[in-house]
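Please work through the exercises below with the sequence and the model at hand, trying each task before reading its solution.

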Amino acid sequence: MESKQFDVVIVGGGIIGSSIAYYLAKENRKVAILEADKIGGKSTSAAAGMLGAHSEYKEFKHLYPFARSSQLLYKQLYEEIRELTAIDFEKRNGGLLKLVYSENEKKELESILSLSSVEWLDNKEARKRVPQLSKEVMGAAYLQEDVHITPLIACNSLSKGAQLFGAEIYEYTRVLAVSKTGMEYSIKTAQGTFLAKNVVIASGVWSNYFFQQLGLSHEIIPVKGECVAAINEGAPLRYAVFHDQFYIVPRNNNELIIGATKKWNDWSENPSLDGLEEVIQKAKKMIPEVGEMKWTRAWAGLRPQTYDGHPYIGEHPEMKGLYFATGHQRNGILLAPATGKMIRDLIIGTPVEKEWLDAFKVERNIFAYGGGK
Ligand SMILES: Cc1cc2nc3c(=O)[nH]c(=O)nc-3n(C[C@H](O)[C@H](O)[C@H](O)COP(=O)(O)OP(=O)(O)OC[C@H]3O[C@@H](n4cnc5c(N)ncnc54)[C@H](O)[C@@H]3O)c2cc1C
């Protein structure tokens, strides 16, 4: 096969790679996604889809403004993508109740509760909004901006949108090696070699393979999350509910997504019975009647975790034109639009917020390439 030539080749077609492809293709860049499996088939399809800019962050420095900007981009993308692709990625506007069971827990929410978009609900008000809530719930922070979407549909609609702007999508095309020859990158797959001026590694937990191959000692750690889904045949749940990083998220078809465990450095993609038991127990503490619902499916996914909690979004310290966009941990769905936009700006040369450049740059790791290891 003759090598195909692109402005940008993206390695990995999860929500991060698909978002990058969308933003670049929209700017008329000739883009390809090379995906080892199916588009969105890995961590992305395991996600609950909460856009939790307020529920997820305690620090309001780099990550919160980045996450909030991404949350706002979704509002725009939702309409734009629906018009372009006729795909509705099921944005549900109810928002999220972050539950509190004690005064101490309420105290921990002080900084969130100080935000103007966040409302405190006492026990009575919380139960008025969600009558199914356990009587033990003392109250809740109502995060109305933390809406949720269906991640796999969002990912597919972004890659479809990219395709409509001219991007090429290659599924079941595993990248084996990336190397530089002259001014160009050569991307070797079992299906042939692709050539590109720029390469973006967006391979989730599997980005480790490329860090090593490209001379960096960075590591992404898998944090396995297990989930179960059940059909709610009772009154619909209008909001997602959340406590201690466990949650129940309602889908449009009355399915409830119940998750998720956090198993550090576990590479298995099958859910365990212990894991499922844990999420069901946590869910019953929030909504007791969950225990009586009929389960529909169970699954697990691997969150790409970095040591300092920030994703890597930036250029390789030595190889110009080679970028990483990985390590988005438990918030990759939320952070996908801002990441896509940031990589687009880096490649086309539009200014990016300095704070974000510094916070997410690849070489911030002192053990990175060279003598540190
Ligand atoms: C249980 C669970 C619940 C979650 N809930 C939420 C949530 O509510 N909100 C939120 O914001 N985030 C959530 N997340 C996190 C979110 O799913 C991830 O951060 C996000 O999906 C990461 O996207 P990604 O594109 O980097 O990775 P992935 O979706 O894993 O995509 C990487 C892709 O790269 C491909 N790939 C790997 N190696 C190669 C290769 N050599 N060649 C070609 N392709 C390759 C893989 O096949 C894969 O498709 C959750 C995660 C889990 C596990």
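The exercises that follow concern a helix and several salt bridges in this predicted model.

**Exercise 1.** Determine how far helix α1 reaches and whether its residues are mostly buried or exposed.

*Solution.* Begin with the span: α1 covers residues 15–26, which makes 12 residues, and the distance from its first C-alpha to its last is 16 Å, close to the 16 Å expected at 1.5 Å a residue. Next, consider accessibility, where a residue counts as buried under 20% relative accessible area. In α1, 11 of the 12 residues are buried, so the helix is largely enclosed by the rest of the structure; among them are I15, G17, Y22 and L24.

**Exercise 2.** Explain how R82 and E79 are placed relative to each other in helix α3.

*Solution.* First, R82 and E79 form a salt bridge whose closest N and O atoms are 3.1 Å apart. Then, because these two residues are three apart in helix α3 (residues 63–85), about one helical turn separates them. Lastly, R82 is partly exposed at 35% relative accessibility, and E79 is partly exposed at 40%.

**Exercise 3.** Work out which parts of the chain the salt bridge between E226 and K263 ties together.

*Solution.* Start from the contact, in which the closest N and O atoms of E226 and K263 lie 3.1 Å apart. Since E226 belongs to strand β10 (residues 221–231) and K263 to strand β14 (residues 263–264), the pair ties together parts that are 37 residues apart in sequence. As for accessibility, E226 is buried at 0%, whereas K263 is partly exposed at 23%.

How values were computed
Residues numbered from 1 in each chain as written. Predicted model: local features only at pLDDT ≥ 70, side-chain atom pairs only at ≥ 80, totals over all residues. Heavy atoms only, no water. Helix = DSSP H or I, 4+ residues; strand = E, 2+ residues; numbered from the N terminus. Expected span 1.5 Å × (residues − 1). Buried < 20%, exposed > 50% of the residue type's maximum accessible area, 1.4 Å probe, protein only. Salt bridge = Lys/Arg side-chain N within 4 Å of Asp/Glu carboxyl O.
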